[in-house]
Amino acid sequence: MPNERPWLTVLLWVVLSIATLFPIYWLFVISVKPAVELFSTPSLFLDTIYWKNYVKVIGDDTLRRYMMNSIIISSGNAVLVTVLAFMACYALSRYDLAGKENIFFWTITNRMAPAAVFLLPFFLLFTQVFAIGDWKLYDTRIGMILLYCTFNLPFAIWTLRPTIDGIPKELDEAATVDGATTWQVITEVIFPLARPGLAVTLILTWVFAWNEFLLAATLTSFNARTITTGLSEYVTTTGTEWGTMASISIITLIPALIIFSVVQRHIVAGLTFGAVKE
Amino acid sequence: MAEVTVRKVEKRYGNVPVIHGVDVDIADGEFVVLVGPSGCGKSTLLRMIAGLEAISGGTVSIGGRVVNEIPPKDRDIAMVFQSYALYPHKTVAENMGFSLKIKGRPKAEIEAKVKRAADILDLGKLLGRYPRQLSGGQRQRVAMGRAIVRDPQVFLFDEPLSNLDAKLRVAMRVEIKELHQRLGTTIVYVTHDQIEAMTMADKIVVMKDGRVEQVGKPLDLYDNPGNVFVAGFIGSPAMNFIKGKIDTRDGQQIFVSNSGSVLPLAGARAQPGQPVIYGIRPEHIDIGPGGLPARVSVLEPTGSETQVFAKLGEDSIDAIVKDRLTVRPGEDLMLRIDPRHAHIFDAKTSARV
Ligand SMILES: Nc1ncnc2c1ncn2[C@@H]1O[C@H](COP(=O)(O)OP(=O)(O)OP(=O)(O)O)[C@@H](O)[C@H]1O
Ligand SMILES: [Mg+2]
């Protein structure tokens, strides 16, 4: 259908983009102004740029640690979850497991309760059960990586299953007859064809872990504290350091943008075209 | 190259038996076609030979070695699937070289073998393309190329031509046959198309409902079908069947149909009075004086020949004649049946008598 009024489409997208990007711009404006100016002469325009907030944030060892924690926990969790979900989906899709639809459904039920419901059990597990001598799972990066599996793994299995189911079984069979082992079938045939689905799963689980606040706030104190949680430390009883918070927020967006731009290239449609003639 | 022996092979899905003790012997280098109507278990049998389907009973041997417990990758077979099953993310060359790459063969060897197979199948110009950029016939050839590169003991084909249009199917039929003559590898080929079976096979295995109905050379099956099913399945257009019984007249056995038409027999074939089915192929019926009067219902001229659908009393009968006919539907003509080509089957057991 030819577009009769292209300018209308353009206008629509411009308006939508402004609506979406404006808060981010605002955030940026706040991050590059001294605190005094923020309240004395509120303005949306940038006449001078004040980098002190950034200098302070980047120079702060604690914040750097929080940032590193966030990156390690999110990426570690996203990769672990995606790999596990990939193998789980392959098994669910290709093998006649007894009661596999029940297994599948049961996995999903983990996502049905609000995260807060898990708070207390996890706190007890992390402080009392998974503890060897002085060492506890509480406030560790590995603890957080495993914790997010509870929520991300069911979600990932659910997102990935249609992708794996959509890869014709004849391809597995052809590869098997061609001499491939199950592992080779997975790496040579299934993995390349599942790439778009894997990329989507990776991004979404990464974002979940990156943004998660409640559990991170409860189950970490310092060592494994994430940047999302660290941010809230700037809201204190004596006031809020808006400029610092805004600059941390802007910095927090950067890894997300990098992940998106790297992974997004793999999200392409129609990879299995031409495999089998239906 | 190797022979394939299928002994008393059974297949059950849960409690549902779909193959009931099948025996097939395939000699080294033989081109064997498994043919039968849809759902008769051809693919299942082929997949058991390939190792893609577990064997519920009996044994399958390839090259004298029982392979029941051997996984497909170690059976040294190559399979061409009905859906081609090309790897969509690999180029034609990569598709064809995949099995060698998996085995860790050196690059130069892979390239040489792929090139040789590509030459045989005329795929040289397409080696860099992806499956989605190929036509149906080209994909089919790539699927065959992938099999040839393997240089396997046995080729397994599961209805490789059924997705192609009629013209291409005839061309590929010839190509596959030439390929077999050239490579001499044992081939097990599944189809439900009896013309493919007749034209390509050294030996045909006719299957029905999970059982082997008859095994033989194409023309043997055509000349001496063992039962009504095989008689009706092999040959196109299909054989005419008329129900009736044997009688004797003037010391000669004749066939009397249930509607009273009398058809000739050559020699004594059965007990007088025995209920039988009389089978005669359309191409063994001629038109001319001295025949049996029949009423024409439909004529189908194809240029080279004319198919006549007629009524012999109550019984439908069709004939194929070389002449162009001037009769019209509703008029009578005389059908001359060559009694030497008549087949008599027992009405109860439907076996040949
Ligand atoms: N996974 C399965 N579970 C149960 N029954 C099955 C299964 N696969 C096949 N069958 C049954 O086995 C029988 C043989 O199937 P098969 O695919 O071998 O038939 P075919 O001769 O190849 O038919 P076609 O010409 O349609 O391909 C059929 O009746 C089918 O319903
Ligand atoms: Mg089939």
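An oxygen atom of ligand 1 sits 2.5 Å from an N or O atom in the side chain of B:Ser43. Such a pairing is a polar contact, a pair of N or O atoms within 3.5 Å; within protein, one must be able to donate a hydrogen and the other to accept it, and residues adjacent in sequence count only if both atoms are side-chain atoms. The model is predicted: local features need pLDDT of at least 70, side-chain atom pairs count only at pLDDT 80 or more, and totals for chains, interfaces and linings use all residues. Residues are numbered from 1 along each chain as its sequence is written, chains are lettered from A and ligands numbered from 1 in the order in which they are written, and side-chain values use heavy atoms, with hydrogens and water left out.

| Side chain | Distance from its N or O atom to an oxygen atom of ligand 1 |
|---|---|
| B:Ser43 | 2.5 Å |
| B:Lys42 | 2.8 Å |
| B:Glu159 | 3.2 Å |

Taken alone, ligand 1 exposes 630 Å², and the protein buries 57% of that. These accessible areas come from the Shrake-Rupley method with a 1.4 Å probe; for residues, only the protein chains shown count as cover.

Which residues are around ligand 1? Among them are B:Tyr13, B:Val18, B:Cys40, B:Thr44 and B:His192; to be near, a residue needs a heavy atom within 4 Å. By class, this shell has three nonpolar, six polar and two charged residues. Ala, Val, Leu, Ile, Met, Phe, Trp, Tyr, Cys and Pro count as nonpolar, Asp, Glu, Lys and Arg as charged, and the others, Gly among them, as polar. Helix H1 (residues 42-50) of chain B gives the largest share of the shell, three residues.

Now for the domains, whose bounds come from an automatic or database domain assignment. Chain B is divided into domain 1 (4-233) and domain 2 (241-346). Their centres, taken over C-alpha atoms, are 39 Å apart. Nine residues of domain 1 of chain B are in contact (heavy atoms within 4.5 Å) with seven residues of domain 2 of chain B. Between them, these two domains bury about 640 Å², 64% of it on carbon and sulfur atoms. Buried area is the accessible area (1.4 Å probe) that two parts lose on being put together, summed over both.

In chain A, the assignment gives domain 1 (1-50) and domain 2 (54-270). The area buried between these domains of chain A is about 610 Å², with carbon and sulfur atoms giving 84%. A:Leu27, A:Ile30 and A:Ser31 supply 57% of the area that domain 1 of chain A buries against domain 2 of chain A, more than any other three residues.

Note on methods: Helices (H or I, at least four residues) and strands (E, at least two) are DSSP runs, numbered from the N terminus.
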